[in-house]
Amino acid sequence: MINFKDLSYLQTGNLKQQAAFAVLTQHKVLENLAEFDPILVGTIPINIDVENSDLDVVCYWKNKADFIAKVKQLFGKENRFSIREDLINNQESVIANFFIDTFEIEIFGQNTPTELQNGYRHMLIEHQILCSKDENFRLEIIKLKENGIKTEPAFGLLLGLKGNVYEELLDYKL
């Protein structure tokens, strides 16, 4: 199993993963967010990204105002920076978006430890599923995503999940 908390796995990945590693390390994105236990999640780490996939970084804040201030201080001058608050699954969430080089980066923070956040949990489960399936399954996920279907619904379609695929995936057993 890949240790997704250590970005070094990206160095030996595909070209996009290597480029992501370079951007994240050269600009010290996770290093500067270290106090918030950041983890890169999403499609790029598990090689199911499409052309416009962003770099999703989940963070754990204990004080929302401090987190917002730190994100603004660190990234507020980056290209197309925006930050907003939202209620996601009944949890206060902070989402910042900006561009560094060719990558859009999304910083997602909640008052929930990063390893317990759904973004991280979904990625781990999706990775396990991908490891248990053949290359055609991975390519089908990518094809669905290229046709505008989000990641979790794409998995739900191919796995025959019913109901809320976001919840079903969290309970999925190989």
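So, the lining of the largest pocket: by class there are 13 nonpolar, 15 polar and nine charged residues. For the classes, Ala, Val, Leu, Ile, Met, Phe, Trp, Tyr, Cys and Pro count as nonpolar, Asp, Glu, Lys and Arg as charged, and the others, Gly among them, as polar. Before I go on, this is a predicted model, where local features need pLDDT of at least 70, side-chain atom pairs count only at pLDDT 80 or more, and totals for chains, interfaces and linings use all residues. Residues are numbered from 1 along each chain as its sequence is written, and side-chain values use heavy atoms, with hydrogens and water left out.

Back to that pocket. Its volume is about 1,100 Å³. Of its 37 lining residues, Asp56, Glu106, Lys150, Glu152 and Tyr166 are the closest to the centre. A pocket here is an open set of points on a 1 Å grid over the protein atoms alone, where a 1.4 Å probe fits, with protein on both sides within 12 Å along at least five of seven lines; lining residues have an atom within 4 Å of a point. The volume is the space filled by probe spheres set on the points, with grid points joined across faces, edges and corners.

Which element gives the most to this lining? That's H4, with five residues. Helices (H or I, at least four residues) and strands (E, at least two) are DSSP runs, by the way, numbered from the N terminus.

Now the second largest pocket, with about 190 Å³ of space. It has 15 lining residues, and the closest to the centre are Ile2, Ile46, Asn47, His127 and Cys131. H4 turns up again with the largest share of this lining, three residues. The classes here are six nonpolar, five polar and four charged.

On to the sheet. We have an open one of five strands, in the order S1-S2-S5-S4-S3, with mixed pairing; two strands pair if DSSP finds at least two bridges between them. S1 (39-41) and S3 are the edge strands, each with a single partner, so one side of each has no neighbour in the sheet. From one strand to the next, the twist averages 25°. Angles run from 0 to 180 degrees between N-to-C directions, and axes are lines fitted to C-alpha atoms, for helices over the stretch in contact.

S4 and S5 run antiparallel, joined by eight bridges, and there phenylalanine 99 sits opposite glutamate 104 in S5. S3 and S4 are also antiparallel with eight bridges, and isoleucine 83 stands opposite alanine 96 in S4.

What packs on the sheet? Helix H3 (residues 64-75) does, touching S2, S3, S4 and S5, and its direction makes about 165° with that of S3. Helix H1 (residues 15-26) lies across S1, S2, S4 and S5, at about 65° to S5.

Most residues other than glycine have a negative phi. Arginine 80, in strand S3, has a positive phi near 55°. Aspartate 101, in the loop between S4 and S5, also has a positive phi near 55°. Arginine 80 is exposed, at 60% relative accessible area, and aspartate 101 is exposed at 54%. Exposed is over 50%, buried under 20%, partly exposed in between (1.4 Å probe, protein chains only).

Leaving out residues up to four places away in sequence, threonine 151 touches Thr43, Ile48, Glu126 and Lys145, where contact means heavy atoms within 4.5 Å.
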